[in-house]
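The tour goes from one group of aromatic rings to the next.

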Amino acid sequence: MLKKTLLCVSILALSAGMQSTMAAVSADEAAKLKTWLTPLGGEKAGNKDGTIPAWTGGQTGPVAGPKVGDIPVSLFPNEKPFLQITAANMAQHADKLSEGTQALLKKFPESFKVNVYPSHRTMAAPAYVYDNTFRNATECKLVDGGRSVTGCFGGIPFPIPQTGVEVVWNHLLRIEPESMSYGFKNFVGSVDGARTLATRNDQHFQYPYYYNDGAADKWSGEYSLMRFNTTAPSFKVGESMVIRDSIDPDNARKTWQYLVGQRRVRRAPTVAYDTPDFVASGANYFDEVIGFFGHPDRYEWKLLGKQELYVPYNNNAFVTAGEDEAFIKHHANPDLIRWELHRVWAVEATVSAGKRHAVPKRRFYFDEDSYALLMLDGFDAEGTLWRTSQLLPFVVPSVPAVLVKPVIVYNLQAGTMSAVQALNGEAFNVVTRRPETFFTGDSIAADAAR
């Protein structure tokens with residue numbers, strides 16, 4: 001099924017297929033980031049069919065029209081879908097549809113469809129990120145069998161990836177603003193198609209890995225700081241949580257939670273891996289938040305190569321729509337989701353010997369331009385497709401970057417849906433960096449006492 005490109009990097013990947021400690025690429029190899037690869041490692045040229053355009057710098061300038069916070073509502077207002085894929089014609093396009101997308105077309109033949117628009121390669125990044133990525137190419141290395149990295153900072157760690165776990169680290173250390181604030185909602189969809197608000201929250205995210213005045217030798221190893229406060233429903237109002245993620249394989253996540261009923265802050269070490277996500281009423285696992293929100297140490301990662309797939313992309317219209325417009329019975333509103341043909345890295349994860357996970361096998365699809373995760377399929381112990389996730393990328397020119405939210409996790413066997421970190425009806429803003437003491441258990445305890 002896979003159509004791999006002829007990229008040298010892909011050939012190296014296929015021959016490697018392992019997660020042992022790897023050296024960075026040579027200076028000659030890294031020089032491709034200034035010629036036929038994009039500064040972040042994507043293939044600069046379009047495809048031979050002309051259906052994927054060449055990368056020409058991405059969306060760096062302002063976008064005309066209204067905005068919700070820092071998100072422009074409409075990127076390409078005059079474009080219409082040139083292809084609509086439904087359950088009736090999906091066989092003609094199966095080579096460009098993931099297994100999960102095909103499963104949704106079959107499960108909801110009356111309502112689910114894929115509206116395909118012209119492809120636009122909008123990913124861009126600040127100049128300092130391009131410079132850091134070029135340096136990372138020759139200095140960033142996997143250590144501890146792929147459980148951690150060293151020598152990396154402020155850019156894509158492995159812009160010319162040679163193994164599956166390198167692509168996963170590219171996703172975990174993907175480009176994000178230094179600091180951002182937004183509201184989000186988690187929705188749960190039941191088997192009868194009803195939608196329920198699990199929680200509404202105020203969120204603050206900060207990425208020390210992308211501090212523009214930082215450096216590899218000054219970085220603590222913590223790459224993501226997150227804090228949120230729950231504002232709905234009423235019985236959960238006042239709950240809050242802090243999560244700090246690190247490349248340290250033995251101390252990868254520190255979590256504190258404030259529970260109103262207990263009136264105290266406690267450590268919450270189970271907020272990880274396949275623990276049911278209680279922020280979303282347990283409808284997904286914690287490591288399914290933002291597609292893959294965890295440490296890579298429970299899986300063996302196999303890089304399958306690149307392929308061309310129809311994926312959600314440039315979905316500013318979806319993430320800025322109201323929630324009743326964005327979601328219908330059983331799934332997101334297909335009339336509002338923009339699908340485009342893009343090249344993606346396919347990576348397969350199989351649970352490691354001696355480890356356990358509720359989802360023993362997964363297949364990930366990462367954007368070649370941003371390394372954002374776009375789709376994820378999960379299989380049960382019998383190898384049957386069990387769950388599939390879609391992530392909605394959107395453009396924020398003020399960074400500039402392509403970011404992703406929400407993730408919509410479909411449990412195909414139960415017939416349920418979990419939409420995690422939906423921005424619909426909320427404002428998303430890039431903000432000034434906060435003191436890191438804001439992201440501590442003591443800080444949420446102090447706020448709760450006031």
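Which charged end sits over the ring of Trp386? Select Trp386 and look above its ring: the charged end of Arg387 is there, 4.6 Å from the ring centre. Keep in mind that this is a predicted model.

A search of the whole structure finds 19 aromatic pairs. In the pair of Tyr285 and Trp386, the ring centres are 6.3 Å apart and the planes stand at 75°, an angle over 60 degrees, so the pair is edge-to-face. Now colour by strand: Trp386 belongs to strand S19 (residues 385–396), while Tyr285 is in the loop between strand S12 (264–267) and strand S13 (299–312). The two residues are 101 apart in the chain, and their pair links distant parts of it. Tyr285 has a relative accessible area of 13%, which is under 20%, so Tyr285 is buried. Trp386, at 15% relative accessibility, also counts as buried.

Next, select Phe292 and Phe364. Their rings form an edge-to-face pair, with 5.7 Å from centre to centre and 85° between the planes. Phe292 lies in the loop between S12 and S13 and Phe364 in strand S17 (residues 361–367), so this pair ties together parts 72 residues apart in sequence. Are these two residues buried or exposed? Both Phe292 and Phe364 are buried.

Then select Tyr182, Phe184, Phe228, Phe394 and Phe428, which ring pairs link into a cluster.

For the last stop, select Phe438 and Arg434. The charged end of Arg434 sits over the ring of Phe438, at 4.4 Å from the ring centre.

Key: Residues numbered from 1 in each chain as written. Predicted model: local features only at pLDDT ≥ 70, side-chain atom pairs only at ≥ 80, totals over all residues. Heavy atoms only, no water. Phe/Tyr/Trp six-rings, centres within 6.5 Å; stacked < 30°, edge-to-face > 60°. Helix = DSSP H or I, 4+ residues; strand = E, 2+ residues; numbered from the N terminus. Buried < 20%, exposed > 50% of the residue type's maximum accessible area, 1.4 Å probe, protein only. Lys NZ or Arg CZ within 6 Å of the ring centre and 35° of its normal.
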